[in-house]
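Subject: Structure handover

Hello,

Here is the structure we talked about. Please open it alongside these notes, which follow the helix packing and then the chain contact.

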Amino acid sequence: MSAADRFSKVPESPTHPRPDSPRKRTFDVADLYRGPLDQASDGARVALDEKLRQAYFWMVNQAIISPYYDVEYNDGPAKRFTFGTGAGLTLPSGQSYSSFVLLPLLNLAVRRRCLLVGGPGRGKTASAVLMGLLAGYDISEIRRAIQHGQPQMTVTDLLGNPLPKDLVSADSIDDIRISWRRWLSMRVKIIDEYNRIPTRTQSALLTVMADNYAEVLDQIYECPAAAWYLTANDDAGGGTYQVIEALRDRIDVVVKAPHFSPRFLGDLLARIEAGVRPEAVVPPQIVFTPEQLDQVEAEVLDVVVPQAVRRRLEFFASQFEFCDPAASQFEYKTKDTVKLSGVAWHLVTASDTGRDRVKDIGSTSRNGLSVRSLMTILVFVKAMAWFRGQREVSLDDLRQILPFVLHDKLVPDHDSPFFDADDNGVLRIDRVGWIRRLFDLSCDEYDRLLLDVEDPVAELQAAFARGLEGVSEADARQRLVAIENQLTEWSRGGKLYGHLYDDILKLKYLHQRYTNYLAWLQWAQ
Amino acid sequence: MGTVRAFHEALARGRERYNSLFAQAAVARPIDPAALTHHLTTLVAPAIEAVHRVRPPAVDAVLDALFEASLELVGRGLAGSEGRIPAIDAAWRTLWVAHPGHLAAAPRRVITAISNAVTHLGDGADAWVAAMERAGHVADGVERWLEAGQVLGWTCGLAELRTSALALCRSLPEPLAAVALHLPDLVDVDAACDALTVQPWRSPTVAGARLGHVGRIGAFVGLGGAFREPPDLLVRGGWILATDGHVTLTLHADRYGARLLPSEPPERTATPEPCARMTEDGRASLGNHSAVLPELQGYRRAVGTSTTLAVVLPHSHAIHLVGVTESDGG
């Protein structure tokens with residue numbers, strides 16, 4: 001593609017051709033309208049996932065120089081090379097993507113909160129601005145609406161000021177009207193350098209991010225659903241002010257701004273000399289209306305998560321919360337119990353003996369996965385599958401998305417012996433690589449345990465899911481015995497690992513439900 | 001040129017964007033600003049004024065689409081006063097002013113479709129543009145107009161589109177199909193399409209039929225044709241193929257035109273339809289029709305399908321076509 005076509009050209013459909021859409025081999029009148037001008041649309045007929053892919057390819061080809069493909073998909077064997085002392089490079093055999101462009105787009109689709117991190121001048125704010133343009137705002141509107149974190153930012157700077165006239169003349173606080181800041185009404189919200197916002201103002205920001213409303217002097221402004229983009233120079237939560245944990249926890253995905261490859265300096269030079277400004281030439285065909293964004297979100301949520309994929313996510317998630325020495329009560333044997341107790345972490349882990357802490361991936365983290373993070377994973381894997389034109393989530397989608405959602409959510413225990421084994425030392429630094437490795441190891445373990453074939457909990461759960469209607473006392477007792485037998489078998493086993501811990505609790509849950517049912521049956525008689 | 005106020009105002013509104021677009025397009029491919037300006041003022045400005053008269057709110061979107069297309073086509077040397085495909089300018093000059101409503105309804109789609117179409121039509125482009133102008137008055141919307149344009153692609157010279165064009169034509173309303181098929185007396189679209197399917201050389205609206213010399217195609221490569229040697233003919237899968245040993249081409253031909261297009265070399269030679277025959281004295285037979293065609297006496301090879309007899313003469317690179325027609329043909 002020549003540079004002349006570069007900046008306003010919308011990628012030709014299909015952007016993700018697949019074998020089920022073969023090239024035509026007969027003459028067709030449709031060919032008459034193909035030619036030197038790309039197939040163009042006036043926005044009415046392109047499927048929305050295709051439109052988002054067009055937006056992606058326009059961004060990577062014309063707007064942002066991001067020649068990286070760190071979100072790798074393979075349609076067959078992929079060549080792999082090793083350099084130096086073990087630096088591996090994979091050449092993906094399928095369509096692959098740059099996370100720095102892809103994740104903000106997915107975030108736009110599902111209207112969550114994306115944190116862009118990286119050193120200064122790496123395009124974090126520029127990327128966020130492009131998202132605003134794709135949502136239909138013009139450049140001046142977006143620039144004026146960006147909230148720039150700075151140490152003197154007050155709550156009213158962020159949210160709005162009471163009208164002076166009302167302040168003077170109001171008889172009660174209810175009479176004071178607020179001049180709300182325009183950005184609150186926008187469907188794309190950009191907070192630049194959020195870690196430079198003072199703590200008190202962070203709390204006000206948290207309310208908007210978490211609950212979608214702003215409050216000043218008891219006046220409430222309900223904000224529309226929006227995609228958020230926050231930027232920071234580091235993701236450790238530091239900065240001018242420490243980011244409050246609740247605010248950090250509201251971030252759904254974290255994306256690193258990559259370094260600029262000097263081999264593309266020529267492209268940069270061409271832009272400087274020509275005065276090129278991609279934000280001024282966003283093709284109208286890839287701009288989404290508010291209705292289209294609503295439709296996008298609805299279509300994403302309709303994507304199916306097959307049970308086989310869901311089970312592997314369940315298995316993966318169950319590895320992390322369990323902490324045997326945390327409590328005597330079975331339900332409290334969690335890392336969260338340890339955190340709340342205030343006891344030093346290393347003291348607890350030192351007493352956690354018997355398990356293979358190199359093999360146990362749960363030992364690599366200081367926390368488990370919250371409900372919020374699991375929900376975010378589910379939404380973003382659906383978005384990933386939808387973006388690729390699939391109507392079901394694949395295991396690859398899960399593997400690719402997990403690291404970006406859990407980047408700040410799963411806290412590594414750098415003292416874990418896992419990081420001292422083999423080549424795992426680099427995973428102390430490479431958070432994405434660490435989480436991906438954990439998922440791969442989890443899948444290996446899942447396969448080793450043959451859980452797709454032999455899953456006693458799944459069978460018992462399936463029986464329960466069929467309902468209690470018509471279940472006799474004898475059947476209920478039989479099921480109780482089955483649960484107890486399974487627990488007996490497990491109790492004779494070796495060490496207790498995370499996934500077994502959650503399975504045991506699940507069986508206890510089922511046991512309790514049947515017990516209550518029996519009691520009711522007996523009362524009913 | 002009349003007033004172009006709407007054009008200038010729209011340009012002013014999008015000034016930053018258009019300047020940026022031009023700057024980017026000029027990065028690697030020099031675009032003559034004068035050529036672009038001429039293109040905009042002579043072809044785009046009248047279009048914008050026409051759109052402004054019928055649908056003012058669409059002006060900006062139409063200008064956006066026309067500007068981007070102008071950059072692409074003028075930049076690549078396809079359009080403009082020095083452009084390699086003058087038919088593009090002709091189409092823009094005629095159709096945007098004649099049908100601003102259609103242009104405004106779906107600017108990018110219309111501009112892309114029509115600009116691309118004329119690049120395929122070659123000598124048939126002018127006829128196509130003229131027919132599209134007529135069709136635009138008859139069509140009740142952009143989609144119908146463009147569908148008619150696809151059928152017109154066939155009837156203005158792209159014979160290979162015949163099968164799909166006939167299928168599409170059946171869905172057109174009669175007045176529009178009449179324009180697309182160049183049959184002003186058309187009353188029954190389905191019947192006409194049926195007739196054109198079985199007798200592609202004969203007008204479905206005229207009575208009478210006779211076998212005649214209906215066309216000629218092919219020439220020596222040194223004279224702009226495709227054949228280095230006088231071609232041989234064969235039939236495969238219901239199609240007539242012509243080969244000189246260097247290239248093998250498939251014949252697409254009917255009353256609207258004839259084309260020879262590349263195809264794969266034949267694996268075997270099939271026998272001609274028994275109902276298609278040629279004799280040494282120039283008597284041609286096709287189905288129930290026969291005629292003496294003295295110009296084809298002493299033929300070298302003759303093959304036929306159910307609708308067409310193709311004949312080559314000694315020492316000639318041309319292929320003569322014989323078919324059932326309503327007129328003198330040839």
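In chain A, α2(A) and α10(A) are roughly perpendicular to each other, because their crossing angle of roughly 95° falls in the range of 65 to 115 degrees. Please bear in mind that this is a predicted model. Helix α2 covers residues 99–110 and helix α10 covers residues 290–302, and their axes come within 7 Å. On the α2(A) side, the contact uses A:Leu108, A:Ala109 and A:Val110. On the α10(A) side, A:Leu293, A:Val296, A:Glu297 and A:Val300 take part. By class, that gives 6 nonpolar residues, no polar ones and 1 charged.

Chain A has another helix pair for you to look at. Helix α17 (residues 456–465) and helix α18 (residues 473–491) of chain A pack at about 165°, with axes 11 Å apart. That angle makes α17(A) roughly antiparallel to α18(A), since the cut-off is over 145 degrees. The crossing of these two helices, α17(A) and α18(A), is left-handed. From α17(A), the contact draws on A:Pro456, A:Val457, A:Leu460, A:Ala463 and A:Phe464. From α18(A) come A:Arg479, A:Ala482, A:Ile483, A:Gln486 and A:Trp490. The class count for this contact is 8 nonpolar, 1 polar and 1 charged.

Now chain B. Helix α1 (residues 5–13) and helix α4 (residues 59–75) of chain B pack at an angle of about 75°, and their axes are 10 Å apart. α1(B) and α4(B) are therefore roughly perpendicular to each other. The α1(B) residues in contact are B:Ala6, B:Phe7, B:Ala10, B:Leu11 and B:Arg13. Those from α4(B) are B:Val59, B:Asp60 and B:Leu63. Here the classes come out as 6 nonpolar, no polar and 2 charged.

Next, the interface. How many residues does the contact take from each chain? Chain A gives 34 and chain B gives 44. About 3,200 Å² is buried between chain A and chain B, with 60% of that area from carbon and sulfur atoms. Within chain A, the residues that lose the most area to chain B are A:Leu32, A:Tyr33 and A:Leu37. Together they make up 25% of what that side buries.

Finally, the charged contacts between the chains. The rule finds 1 salt bridge across the interface of chain A and chain B. B:Glu16 forms a salt bridge with A:Arg277, with the closest N and O atoms 2.3 Å apart.

Best wishes

Methods: Residues numbered from 1 in each chain as written. Chains lettered and ligands numbered in written order. Predicted model: local features only at pLDDT ≥ 70, side-chain atom pairs only at ≥ 80, totals over all residues. Heavy atoms only, no water. Axes fitted to C-alpha atoms, helices over the stretch in contact; angles between N-to-C directions. Helix = DSSP H or I, 4+ residues; strand = E, 2+ residues; numbered from the N terminus. Parallel < 35°, antiparallel > 145°, perpendicular 65-115°, else oblique. Left-handed = near helix turned anticlockwise from the far one by under 90°. Contact = heavy atoms within 4.5 Å. Nonpolar A, V, L, I, M, F, W, Y, C, P; charged D, E, K, R; others polar. Buried area = accessible area lost by both parts, 1.4 Å probe. Salt bridge = Lys/Arg side-chain N within 4 Å of Asp/Glu carboxyl O.
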